[in-house]
Amino acid sequence: MTSRAEAADAVLDRAATLRDTLHSGFRDEAVRSIFGEATRIARRAARQVADRGFDLDQRIDRLVTSPIFGLPIMALMLAVVFWVTIAGANVPSAMLASGFFWFEDQAFAFFQGLGVPWWINGFVWHGVYKGLAWVISVMLPPMAIFFPLFTMLEDLGYLPRVAFNLDFLFRGAGAHGKQALTMAMGFGCNAAGIIATRVIDSPRERLIAILTNNFVPCNGRFPTLIMLATIFVGAQFSGVFTSIAAAGAVVGIVGIGVVFTLAVSWALSRTILRGEASAFTLELPPYRRPGVMRILYTSLIDRTLFVLWRAILTAAPAGAVIWILGNITAGGTSLAQHTANFLNPLGQAIGLDGVILLAYIIAIPANEIVVPTMLMVYMGTTQMTDVSSFDDLKELLVVKHGWTLLTAVNLMLFSLLHNPCATTILTIYKETLSKKWATIGALLPLSLAFLVTWMVATIWR
Amino acid sequence: MSTHNCDSCVAIAELERMGLKLDRYDRVVALAGNPNTGKSTLFNALTGLKQHTGNWPGKTVTRAEGGFEFNKVRYKVVDLPGTYSLLSASTDEEVARDFLLFGRPDATIIVTDATALERNLNLVLQVLEITDRAVVAVNLMDEARRKGIEVDVRSLSRDLGVPAVAVVARTGEGQHALLEAVDAVSSGTVVTKPTRVTGTPAFQRAVAELVPLIEAAAPGVPNARWIAIRLLDGDAQVEDALRTGRLATLADDQQKQAERFSRKIALEGAQ
């Protein structure tokens, strides 16, 4: 080993000496000669034989990346995507839910008739099965609409334009312009967004992108936001405006997420990750007609089913845990109620309640199951049977558990800002190979979530 | 599978997509190129896999692997992240560069965008500094035609010293010709003479002097000439790799793997 190290040092010394003998510009010369050669070869091989004619791509680009219309068009497109998702998912979600819960009752009654003890029967049907049924009916329809739409925008070539539009904001925050791309990937899944930060050269800017990726809601959190927006914001309006207002609220939340991304990036680049934004080139690829079959495959198999499967894997045990917590009693109250009561003062201080915090603790493995967990605890404590429509849901939350608009707003904010799921934290660790950054990646958003919701609650009251 | 050869046959006739069946392969092919030139689309077309594709630069950040069989030869394909150069320190460029250097692919398909040939050739020339066994796939020919651009692949081939093939990865156009070129280059039936940017005489002398020293310090290193150029350039990463012995171990590992592999083939052949 030592002889190898010595030999290596000898080579490096010699290289340094030789480098001094070359004149200082040799490096630029080498790059220039590659460029020159490339130009010569390309000129000989490629010819413009016909007139380019009407360049539609360029016309579209002038519009969607224009300083005036660029950002509004982007917001509008996002709003349309959410609106289609919300308006389209409502009915199938309700149908799935009522179907699943009807089956739950039938199955429970059937096995009760067979003489299966209540605790096995209840554990399986009211615990594990109910958890699964919730996750599927709440998540599947929105995902099956949202993902194909998002994949289509990606395939079309719109994402680089988004990065182009947002570049000045990220540069202003001392971050890398390509962070807009990794942020957009975060909409699908924050863990995927964090892996995507590899496109960023500078380690400093890459860390900023990793630590702030959590501030765009991933698809695991979208159902929560969509549900809250529908019940609390959409319900203030009637008819078509219901879904438009709900979509507007979701866009608003995403906008707040982007503001937090920028603000936290700005703060990081002025404190622990100090430095200047680096320059980069971004290619705006030609628009390409998306392949329908490929979009459906990517979005339904790779994304929707993948995410749903992950949710199912965590929802089943979570449903079991909740059922156990809800049915083992100590001193007349269930363990779930005890824990919720214990967490309640903290929950109330930030405009939420103990049950919501309990749900967030149980849902650390995957954000997808926050709402189902919450509802199961609520239902377990009030003996309410089924919730199959958004009206029932509102009844349960508002009338039985005293939710207010503040609860909904703060829950949306908490959902947007709180710590990433276990998978994402693990991904941060794998990408940075540092326990320190993984810890910061988890605690920074969490403390911000508590701070912001506490401030909102205080001001509201 | 019959092996009749006819020009009208679609490429699929001799191409068998093998997806993730990678337990046995005869040759390794790398896919390199600028971002968003269709590497993943070509990868999917060859392997039958559904690697995520998207119309934005920088989508592939890790390397994906798959397999296919062509003319009874089994290939492992490695889809590398798209890069504009091989000279910077970002993770994606490092992934691509390390594989080209130490993975020692039997052939590298450099996928280029026919509508932006000049920019793409910068990377082609850089890849040719590292490896002899390369085929240039001039992709997106359909878009080029729509834009009224004509690409003469024979001229390109002549100037670069490696085969160049016009393809449309999305539709499979030119795929057969591409695979034949890959076959010829990886089997050694076609010997390539890649264009290398020579530089000043002083520079050439410096490179020539360093090469034997590097070979002594890191025996079995795949491309000492390229390492020498990077050392003269003051590439901290390459310096580091040489000093820590990573260069030598990487080369060593790859060699061991190749030996294990040939032993395995020999054993299986004997049965």
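This is a predicted model: local features need pLDDT of at least 70, side-chain atom pairs count only at pLDDT 80 or more; totals for chains, interfaces and linings use all residues.
Residues are numbered from 1 along each chain as its sequence is written, while chains are lettered from A and ligands numbered from 1 in the order in which they are written.

**Entry 1. The loop in chain B**

I looked up where Asn71(B) sits. Its place is in the loop between β3 (64–70) and β4 (73–79) of chain B. Helices (H or I, at least four residues) and strands (E, at least two) are DSSP runs, numbered from the N terminus. Asn71(B) is not a glycine, yet its phi is positive, about 50°. Lys72(B) is in the loop between β3 and β4 as well. Phi of Lys72(B) is near 70°, again positive in a residue other than glycine. Lys72(B) counts as exposed, because it has 10 C-beta neighbours inside 10 Å.

**Entry 2. A strand inside chain B**

Next I took strand β2 (residues 27–33) of chain B. Five of its seven residues are buried, so β2(B) is largely enclosed by the rest of the structure. Which strands pair with it? I counted a pair if DSSP finds at least two bridges between two strands. β2(B) and β4(B) run parallel and are joined by five bridges. Leu31(B) stands opposite Asp79(B) in that pairing. β2(B) also pairs with strand β5 (residues 107–113) of chain B, in the parallel sense, over five bridges. There, Ala30(B) has Thr108(B) as its bridge partner.

**Entry 3. Where the chains touch**

I then turned to the contact between chains. Two residues are in contact if their C-beta atoms, placed from the backbone, lie within 7 Å. How many residues does each chain give? Chain A gives 54 residues and chain B gives 54 residues. On the side of chain B, the elements with two or more residues are α2 (91–102), α3 (117–130), β7 (149–151), α5 (153–160), α7 (201–217), α8 (224–233) and α9 (236–244). The largest share, nine residues, comes from α7(B). This side of chain B divides into 25 nonpolar, 17 polar and twelve charged residues. Ala, Val, Leu, Ile, Met, Phe, Trp, Tyr, Cys and Pro count as nonpolar, Asp, Glu, Lys and Arg as charged, and the others, Gly among them, as polar.

I checked α7(B) itself. It has 17 residues and reaches 25 Å from its first C-alpha to its last, close to the 24 Å expected at 1.5 Å a residue. The expected span is 1.5 Å times one less than the number of residues. Its buried residues include Ala206(B), Leu210(B) and Ile214(B).

A strand pairing also crosses between the chains. Strand β1 (residues 46–48) of chain A and β7(B) pair in the antiparallel sense, over three bridges. Arg47(A) stands opposite Glu150(B).

**Entry 4. Ala42(A)**

Ala42(A) is in helix α2 (residues 26–45) of chain A. Is Ala42(A) buried or exposed? It is buried, because 21 other C-beta atoms lie within 10 Å. Leaving aside neighbours within four places in sequence, Ala42(A) is in contact with Leu117(B), Glu118(B) and Leu121(B).

**Entry 5. The cores**

A nonpolar core is a set of buried Ala, Val, Leu, Ile, Met, Phe, Trp, Tyr and Cys residues joined through C-beta atoms within 7 Å. The largest has 112 residues, and those touching the most other members are Val250(A), Ala359(A), Met374(A), Val377(A) and Met412(A). Helix α5 (residues 118–156) of chain A gives the most to this core, 14 residues. Apart from it lies another core of 87 residues, among them Ala42(A), Leu15(B), Tyr25(B) and Ala164(B).

**Entry 6. Chain totals**

Chain A has 19 helices and three strands. Of its 461 residues, 44% count as buried. Chain B has ten helices and eight strands. Of its 271 residues, 48% count as buried.

Note on methods
A residue is buried if 20 or more other C-beta atoms lie within 10 Å of its own, exposed if 12 or fewer, and partly exposed in between; C-beta atoms are placed from the backbone.
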